[in-house]
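Good morning, and thank you for making time for this presentation. Please keep the sequence and the structure in view while I speak.

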Amino acid sequence: MGLVRWDQDSDNLVSDGYSTARGPVLRSEKQEVSKVTFKAGEGAERHSHPEEQTFYLLEGRLRVTLGENEPYEVGPHEGSFHPSNVPHKVEALEDTTAISFKNLVDPTGYKPTGKLQ
């Protein structure tokens, strides 16, 4: 499975419980890469995780709150870096598509999808 198709599984719920992000996910033992979409007004509640995470926006706008800092906006061809264990929240100001990159610290509880057959 070297080829990754980002035009499938568009209705897949990426993280159950705290986020409305939908889209295809590639997970291995060491990384997670997702193409996520949020409709305007949706997002992810304040949460944290041991993985570092970076969002790269393809289209749309997000309002991001990182730690105790003031919220900031991220637009197309911009990104947002979320350090390990730092609480963060995102809200889509308009329909948004982004690529999410995470290093997986503990793959327990994650179903790997990126395996060579």
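The second largest pocket holds about 160 Å³ of space, in what is a predicted model. Which residues line the second largest pocket? They are Asp11, Thr20, Arg22, Thr37, Phe38, Lys39, Glu42, Glu59, Asp95, Thr96 and Thr97. Two elements, β2 and β9, each give two or more residues to that lining. Sorted by class, the lining of this pocket comprises 6 charged, 4 polar and 1 nonpolar residues.

How many cavities of 30 Å³ or more does a search of the whole structure find? The search finds 1. The largest cavity contains about 140 Å³ of space, and 18 residues line it. Nearest the centre of the cavity lie Ser15, Ser19, Ala21, Gln53 and Phe55. The elements that contribute two or more residues to this lining are β2, β3 (43–47), β4, β8 and β9. Of these, β2 supplies the largest share, with 4 residues. By class, the lining of the largest cavity has 8 nonpolar, 8 polar and 2 charged residues.

The protein chain has 0 helices and 9 strands. Its 117 residues include 36% that count as buried. Among contacts in the chain with a separation of 6 or more, 62% are between residues 24 or more positions apart.

Next, the sheet. In which order do the strands of the open sheet stand? The order is β1-β2-β9-β4-β7, 5 strands in all, and the pairing is antiparallel. At the edges are β1 (25–27) and β7 (79–82), each of which pairs on one side only. On average, and with direction ignored, neighbouring strands of this sheet are turned by 15° against each other.

With strand β2 (residues 31–38), β9 forms an antiparallel pair over 8 bridges. Within that pair, glutamine 31 has asparagine 103 of β9 as its bridge partner. Strand β4 (residues 53–59) also runs antiparallel to β9, and 6 bridges join the two. Two positions illustrate the bridging to β9: tyrosine 56 is the bridge partner of isoleucine 99, and leucine 57 is the bridge partner of alanine 98. In general, the side chains of a regular strand alternate between the two faces of the sheet.

I move on to strand β5, residues 62–66. This strand, too, is mostly covered: 4 of its 5 residues are buried. Which strand is joined to β5 by 5 bridges? That strand is β8 (residues 88–92), and the two run antiparallel. Here arginine 63 stands opposite glutamate 91 in β8. Strand β5 also pairs with strand β6 (residues 72–74), again in the antiparallel sense, over 3 bridges. In this pairing, leucine 62 stands opposite valine 74 in β6.

The hairpin of β5 and β6 has 5 residues between the strands, and glycine 67 is found in that loop. Is glycine 67 buried or exposed? Glycine 67 counts as buried, because its relative accessible area is 13%, and the cut-off for buried is under 20%. Leaving aside neighbours within four places in sequence, glycine 67 is in contact with Arg46, Val86 and Pro87. One further distance concerns histidine 82, which is 15 residues from glycine 67 in sequence. In space, the two are 9.0 Å apart, C-alpha to C-alpha.

Thank you for your attention; I would be glad to take comments.

Key
Residues numbered from 1 in each chain as written. Predicted model: local features only at pLDDT ≥ 70, side-chain atom pairs only at ≥ 80, totals over all residues. Heavy atoms only, no water. Buried < 20%, exposed > 50% of the residue type's maximum accessible area, 1.4 Å probe, protein only. Pairing = 2+ DSSP bridges. Axes fitted to C-alpha atoms, helices over the stretch in contact; angles between N-to-C directions. 1 Å grid on protein atoms, 1.4 Å probe; cavity = no way out; pocket = protein on both sides within 12 Å on 5 of 7 lines; lining within 4 Å. Points joined across faces, edges and corners; volume = space filled by probe spheres on them. Nonpolar A, V, L, I, M, F, W, Y, C, P; charged D, E, K, R; others polar. Contact = heavy atoms within 4.5 Å.
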